[in-house]
Each structure stands twice: as C-alpha cells, then as structure tokens.
Amino acid sequence: MDSLLTDAAADLLDHACPPALLRALLDPAAAPPEPWQRIVDSGFLDALLPEAEGGAGLDLAGILPLLLACGSHAMPLPVGATILARAAFARQGLTPPEGAITLAQPMAAPSPAALLPAPHLAAQVLLCGTEGGALLLPAAAARVTPLGGGLSRLDWDGAVAGRRLEDGADWRVAGAFLEAVEMAGALRRVLEDTLRYAGERRQFGRAIGAFQAIQQQLSVLAEESAAGLIAAQLAATGPWPDPLRTAAAKIRLGQAAARAMAIAHAVHGAMGITEEHDLHLFTLRLQRGRAAFGGEAFWSERLGRAALRETGDSLGFVRRCLDPVA
Amino acid sequence: MLNFPDLATLPPEAEAFRREVRDFLATHLPPLPADRRARSWMGFDAGFSRALARQGWVGLTLPHHYGGAERGAFARFVLVEEMLAAGAPVAAHWIADRQSGPLILRYGSAAQKDFHLPRICRAESFFCIGMSEPDTGSDLASVRSRAEREGEGWRLNGSKVWTTYAHHAHFMIALVRTAGTPADRHKGLSQFIVDLSLPGVRISPIRDLAGDAHFSEVVFDDVALGPEALIGTEGEGWAQVNAELAFERSGPERILSSIVLLDRWIAWLRETGESRHAALLGRLMAELAVLRAMSIAVTARLAVGASPVTEAALVKDLGTGFEQSIPTLLTEAIAADPATAPPDELLRALAYVAGMAPSFSLRGGTREILRGMVARGLGLR
C-alpha cells in the first residue's frame, strides 16, 4: 500500500477524530460538527471522482488506507459510504447530496426502515435497492428507536419523498465491502492494543504476554489480523466493489472477527466489556460489521453458488475470480 | 509488531510458465482416480519424476551449472500449485528438489555439489530427511544418533523414524550428534549425507492408517561414512537444519493438501445438481483465496531475497488448519443425507485425507512450534 496515503489518512483521522472526540461523537445530544468538517476540508470525500471533476482520481486500492484507518479509529462518521455515494451520483451526472451520507440495508417493512449505527451523524441515508440502485432519504425525517449495541432502527413515513439513484449497482455489495475493509482496520488495531496490554499487565510476577498459553493465543490473533488485511486488499481493487471479491472478504473478515474478539477479550481479562475501555468500541464495530449487509452465511451461499456455476477446479475458480490484482 | 507483507501478484512470466506446466501435466500425468491423486506430495512415481526432470523442472531453483532450471520463487510457486492441484505424484523428487538440493547448494563443498546436484536434477538421486527419532520430534535438539570420528571418516550409530520414503530414497541428510550429549542441546550437532545403500543401514517401512507405507524407520548399525559425508560445518547442524526447515514453509503445499478431495466433492455436487452445501463451498473458497494471496505475498518476499521466516510460519499455521478442516467439514456434508450414494472414488479420497490430515500440522513444524515463532515475531519472546 502507498505509505504516503496511509500516513495522510491516519494523520487526518488522528486530528479529525482523536479518542476524546470519538466518544463525544457517539452522543446524539452533543456530537461536535468539527470532525466532519475536517474530513470535508481534506478533500478525501471526492477521492473516487476523476481529477477533471475535482476529485483525486483514485480507485478502491487508493482509498483502502483511509478505509482501514476508519476501521482502526472505530470511526463513526460514514466516510467510506459518503465517498462511494458521491462518486455514484457524480457518475450519473447528478449533483452529490450535501453532508454525510450513510449506507443502509433496508428492513422488510411497509414503509422505508433500516438499522443504523449513530444515525445522528448522517445527513442522508442511502437505502440499498433490492433490484439495484438505491433510495436517498433525509436522516432527520426518520423516527429513531435505539436498539442497543450502538444500533438504532430508523422508520420513515411512507410519504417522505426520497431521491432515487438509478445506477443499477448492487449497493449491498458496496455496503459489505466497506464493512469488511473497516473490520480489517479494526482487527489490526485490536491486535496492537491487545499486544500492548499483554506486555503491560503483570500477573504471577510477570507480564501475561510472557506466558506460553497467552503467546499462542496472540499468535492466532495476529494470524487472523494478517488474513483480514490480505482479504481487504483482495477486495479493494478496481473502480467499484466486485461482488465475489467482496463476498470472500466479508466471509473471511467475519470469521476473523469472531475468532479474534474471543482472544482479545480473554487476554484483556474481559475488561473490554466496560464502556470506558476502547476494546468495547472495537467489539461493537466488529460485531456490527459481521452482521451488516449480509453475514458470512449470506455471502458464503452467494460465493458457493458462483463456484458451482463454473466448471473446472477450485483453484481455477480462485484464479479467475479472486486472484490478487496489481 | 509483525507487519505481514502487502498483497503481491504473480508476474506475467510466472503465468506464462503455468501454461507450460499445464501442457506438461496434460501429457505426462498418468490417469489416476481422486483417491490416488489425493496423496499429492505423498504420491511416489519415479517415472513421473524422471519425466519432469527431462523437462528440466527438477532442481527448479538450482543453477544451470548443475543442471537446474535456475528459476525463481514465483516459478516454484506456480509449478507446485499446478502439480498439487492436479494431484501429480511428486514424492520421489520432492524432498531433494525443495529441501536437500538447496541445502547442498548452500552448505555443500564443491565436490558434494558436483556429485549430488546433477543427480538430483536428473531425478536419479532421491533424498529423505533424517530429523525425527523415536524420542525426538519437535524437540529436535535432543537427537541421540551419533557419528564418531574414525580414521578419516565417521562411524554412525542410532536410528531415525517417520522418515518419508526412506525405503525408496538413495540418500538421507541426517542430523546427528558429533559431540557432547543430548543435554548439550543444539551444540555438537552436525549434518551428514548418508548413502542408504551402505552396509549397516536397515530400513523398515511403517504402515499408516490409510494402508500406505510412506514412512520408515531407519537404523544405523556401525555405518562407516567417508569424510565427504559431512555437509557444512561440524557442529553447525542446528543452524543448517533451521535454514533447511525455512525452505519448506508457506508454499502452496501448506494449503493444497486436501484440494483433490475438495475438487472431487465439488464435481459430485455439480453432477447431482445439489446446492444445499453452497454456503460451505463458498466459505472454503473465501479461505482458499485469502490463503493463496498470503502465500503469494510471502513468495514475493522470497523473490527479493528476504527471509520471511515468521510470515511463513504464520501462513503455514493458517494453511494447515484449512487443509485439516476440509475432511472434517466434508465428512459432515457428505453424510448430511444418508439416503444419497456418494461415488466410491469420493469416499476413498475422503477416507485417505481424513486419515492423514493429523499429519498436516505436524510435518515441517507443529502448530505449537509455529505459533511460538509467530509470538517471537510479535516480540513476545
């Protein structure tokens, strides 16, 4: 990955959203507007737009460092979704909507409804269509019901006028892509934090990281984090998320999150369940990511059916559809 | 903190080489049922190895001077990937090609290189690895086999066990004690190239759970070795053996040991139009794709001359877990409906792989040893 971009992305989020502000952002009554303004000012939100249209002309690999940084900062602002949505509107020759745009999978209901984290941080909600395309609705027009775990249910009155995006794209793929990649960033952070804690916390006269039983678990955590990063890189290729690459990444990150969180919490002596502990934020982020836009079962079924439709061996399928791309 | 390498791609010349490998396999691979192909790198066929050698692909990374193909890490990745996916019987030349040959190239004398490497490249010399002993497995420093100086040469006594295809091999590279006692641990160990046709070498095959005899017990009873049998430096066996083990981690062989079984199962699903196991298949494809990308990323490090020991251990631990999960998961899937009749070939392949799978995470370093290496890479020890 381009280290300049990686450094720039990490710098931006360190400044825009330091840990103290992060928790303030999560409070619907007191969320400060400055972090979002800093991100707007950075120009990253038009990263996928061609340079001729005022963008940075990047592809998914180009924005990967920023998306990973969002994950490793447990960023509640919908940076990735806004980038993809702005690019999609621009491609249709439409003016992108103002403000933060979050992406959501609609729930089956007579009128529009969705599950969302931190709905107060989005100006607009883009609901994935079932037949491609999406429906843009103002977040402020929704009735919000908090459900716990950082999630709320949003219901819109059927009479609320939305703005249709008829781009034919399967926005569930875009949503799953963003979740998978941010989960990879979150897992990397969980590994770093857990390693640091294992070096600091002393029991029985030594750092717990000196015990072989703990070391073996931390190695598995590192393996899952490494696999997650490679899965994210496999998916982040081309101008737009690919369905099969996204499926593979979402499946592998889902598995990795489940395994890694069990280890991280065990090594932290379950202190991560407290609200004030940062591991808590990443637990919620990963838990939400596993479930959002289809879990492992959904994407496994899709990927498996695609493999069954092909001929030839499994390696041929992987080479044709899931090969690393420069 | 361990930074796993970024995604890397196979260069175009490696993909061009893949076409050559496929053409070769189409012509030379004997028609074998899945349960035979599932033996993958335990399948022994000297004729196949010699055909591969005539093609110039045994000793793939060895210099032209010795008859090798002088190709790099990416070509090796592609050759191994294609051969294992096809279930080619590579065991005859496998150890010499990827482990003994590179070891001799690195530590051998000019005479040893001139003698052994061309024979390896012609698939005339097959090698086996003499590391494990009856009481020595993961704790390799506790070997008790001993070579004592005698005249110009050495006298070797002791035994090795779980030696893959010793009964078909011409030479063994054995790690033995030349000074001190097992209490001295890694000090006083040396490596020897033992001609297995010498008087005093007794080889007894060990039958395994699959009904095969891949492994042997090898007893050395006053075997007289010439001075040229010592490879590398006397007393440096430990360092040499660790370098040797690094040659055998993280490649496609640590991911694909169950692939023939998986592919036979997929073929059955397609034959019957059965889609209820699509989710299981999708999950396995996701894991395979990520592991393969990780293996290529490590290969790219090898290609630039780095020594990614920790990264290789990490991939091997994940990869062998994947290989081992396949027979477990497929047993469940194949038995999901007792009224179906799976093909005999599939059942035989499953029986073989399920029986041998426990060895996948043992050969080349146990899971616990590998995780210890990763922990070291993380700065924990």
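Which residue forms a salt bridge with A:Arg23, and how far apart are the closest N and O atoms?

Reply: The partner is A:Glu275, whose salt bridge with A:Arg23 has its closest N and O atoms 3.9 Å apart, a salt bridge being a side-chain nitrogen of Lys or Arg within 4 Å of a carboxyl oxygen of Asp or Glu. This is a predicted model, in which local features need pLDDT of at least 70 and side-chain atom pairs count only at pLDDT 80 or more, while totals for chains, interfaces and linings use all residues. Residues are numbered from 1 along each chain as its sequence is written, chains are lettered from A and ligands numbered from 1 in the order in which they are written, and side-chain values use heavy atoms, without hydrogens and water.

The domain assignment, which is automatic or taken from a database, divides chain A into domain 1 (3-165) and domain 2 (171-321), and the C-alpha centres of these two domains lie 22 Å apart. Their contact (heavy atoms within 4.5 Å) takes 31 residues from domain 1 of chain A and 32 residues from domain 2 of chain A. The area buried between them, meaning the accessible area (1.4 Å probe) lost by the two parts on being put together and summed over both, is about 2700 Å², with carbon and sulfur atoms giving 70% of it. Between domain 1 and domain 2 of chain A the count is 2 salt bridges.
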